[in-house]
Amino acid sequence: MKKFFTKFYIVVVFAFLYLPIFILIAYSFNNSKSGVWNGFTLDWYKELFRNELIISSLLNTLFVAIIASLVSAVLGTAGAFGIHKMKRMGKTVFKNATYLQNLNPEIVTGISLMLLFTFFKMTPGYATLILAHITFCVPTVVLSVLPKLRQMNVSLYEAAMDLGCNPRQAFFKAVLPEIMPGIVTGTLMALTYSIDDFVISYFTSGPDSQTLPTTIYSMTKKRISPEINALSTLLFVVVLAILIIVNVIGVRKEKEEARRASAFYKK
Amino acid sequence: MKKYISIIATFVVVLALATLGYFIFSEDEQAHPEVSEDGTYEGGRITVDNPEYYTKFRGRDITLNVYNWGEYISDGSDDSVDVLEEFKALTGINVTYTTFETNEDLYAKLSSSNSRYDIIVPSEYMATRMINEGMLEKLNFDNIPNRKYVDTAIHNKDENADVYDYTLPYTWGAVGVIYNTKYVDEADIGSWDLLWNEKYSGSILMFSNSRDAFGIALKRLGYSLNSIDENEIKEATESLKEQQNVNQSYVMDQVFNKMESESAFIAPYYAGDCLSMMDNNENLAFYYPEEGFNRFADYLCIPKGSKNKEAAEAFINFLYETDVAIANCEYIQYFTPHTAASELIEYDERIALTPALMEKSETFKALPGEINQLYDSSWIEIRSRLDMNEIVIVAIILGLSFAVLISITVLRRVKKGKQNY
């Protein structure tokens, strides 16, 4: 009985999480614009690739997200390293300042950035959009790199120096590989935040740089086109594929390491 | 490190697949307009009155920023005409096209940031407000020869004095009631009262934008939908609160799904969109209420700060080419203010407006600031009213989660206590 309930519970939870996505996928094959099932079609996928507005907003979104997350990976790692090396007082202040940016309601960030850009007479466009995205991406990276730095053995850096590295080499050869997982996690998080973001993009994008969420939102007066379902399906499949591939490679690598280790001990 | 390389490799593969898909899918049957070497326009699907007019922009590297409603231009899907593509090929002018959702969004974007748009499409009341605040340029009608096609029944100097020098209408339409014949008695239809009818309690929808909702309530009470009388507005507010008792929900685009899947039976909406719902569900029917209803138009305007006013005017002129007007009218399904096009198009008789009906229609006017505020605060008052049921449900949920929280804490304590032994 208990077993049944645990299983049932898991099914319910996963249904709750994934049912909406599967319904969306099903409707991307629906042969009608309405929410009533009417037969199978691949037309929306064809239309999707023909719809210039959707494709260009998608490319804008990806372009902005990739640039913003890469830039914030560099800035965030540097920032985290700096904060890590600070004295207690400074550490607290800067860490909380970073948290604050993350906790701040998006709408506040969005409006204040818009005011800032207006104040400096910047025309909204790619530049403002990317700057805005970097603003909320950097804290994400900082916050995921900091714990890695804390976990790292304090003497690692000094040991590298002792063994003849100069500070730059010590950072790149000893510290960076150690905190790399944190940087990658942070960057990927930043990437997803950036792709997701609606509120801040809404206030800072210009006539040439509309992102996907804004485009979808603007469709709501008329009917949201099923092309969006098709696009979401594709994005979901891509993310799923990446996840699976990364995991498979991870498992293989672990096996490989285990094999090597056992071979080593046998000797 | 290998792991990251593989991530990047996956990305590359995916991108490659996507481009491949793009080429497979987009290699389509449709002829694309092309510009031949001598700069003439070929292979397009439209004819224009005077091709000569559009040639002067060629080679000048102009980009127009167009800001329009979502899904509001014929875009080449379902074998329709791709209006922007045709315009680019014809003139050599590049167009960046972006979309907004409400008049208020448009206003906010335009008034508070340095965005440079060349063409915007506000509804009449918002166009008036923008003109009053000096945000729009006057049009130079010498550059828009196709102005001769404007339907004077929709747009004339007397009725539209406020906006006359600044704009030309893009589309127009009217608000009516769509209902499901399977569930709604024929005897009950004809008036706005249907939206208040208790017989259909829980199956009635209402606009979630204040101007349209108040318009309906005011019309039902026999007032103008531009009422500035505080008592009338109060009465309308009460009436909307009363409507809330039979209302299922406040909607905009959700109306499509709800009506088509028959989870609601009665809703007010824009005639052109109702037509597309009726196409998807044959039980749906439509009428214009006898008390009068809102007739609206969306206007093509050039905001101050446009750097390419002449090219923007060419764009407006292009939208007034007969073929383009027909294409847009068929795509959007709203009425066209273009005389030659409306002669060629036969409007669906279910939503067609007879002269007698035209008499009953009224357009929105811009309201003075304090009246606007009164409408806003009344709307908030209506929408933020929780009914008893909702309060009870919220209380139960809060109580339950609190109980769960406490029991978890207690359980933990107990467990810890046991371990300590």
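A cavity is a set of points, on a 1 Å grid over the protein atoms alone, where a 1.4 Å probe fits but cannot get out; lining residues have an atom within 4 Å of a point. Grid points are joined across faces, edges and corners, and a volume is the space filled by probe spheres set on the points. The model is predicted, and totals for linings use all residues, whereas local features need pLDDT of at least 70. Residues are numbered from 1 along each chain as its sequence is written, and chains are lettered from A in the order in which they are written.

The structure holds eight cavities of 30 Å³ or more. The largest cavity contains about 100 Å³ of space. Its lining comprises 13 residues, with Tyr170(B), Leu319(B), Ala325(B), Thr336(B) and Pro337(B) nearest the centre. Strand E6 (168–180) and helix H10 (322–332) of chain B each contribute at least two residues to this lining; helices (H or I, at least four residues) and strands (E, at least two) are DSSP runs, numbered from the N terminus. The lining of the largest cavity has nine nonpolar, four polar and no charged residues, where Ala, Val, Leu, Ile, Met, Phe, Trp, Tyr, Cys and Pro count as nonpolar, Asp, Glu, Lys and Arg as charged, and the others, Gly among them, as polar.

The second largest cavity has a volume of about 60 Å³. Residues lining the second largest cavity include Trp192(B), Asp212(B), Lys219(B) and Phe364(B). Helix H5 (210–220) and strand E11 (293–300) of chain B each give two or more residues to this lining, and H5(B) supplies the largest share, four residues. The lining of the second largest cavity divides into seven nonpolar, three polar and two charged residues.

How values were computed: This is a predicted model: local features need pLDDT of at least 70, side-chain atom pairs count only at pLDDT 80 or more; totals for chains, interfaces and linings use all residues. Side-chain values use heavy atoms; hydrogens and water are left out. On a 1 Å grid over the protein atoms alone, a cavity is a set of points where a 1.4 Å probe fits but cannot get out, and a pocket is an open set with protein on both sides within 12 Å along at least five of seven lines; lining residues have an atom within 4 Å of a point.
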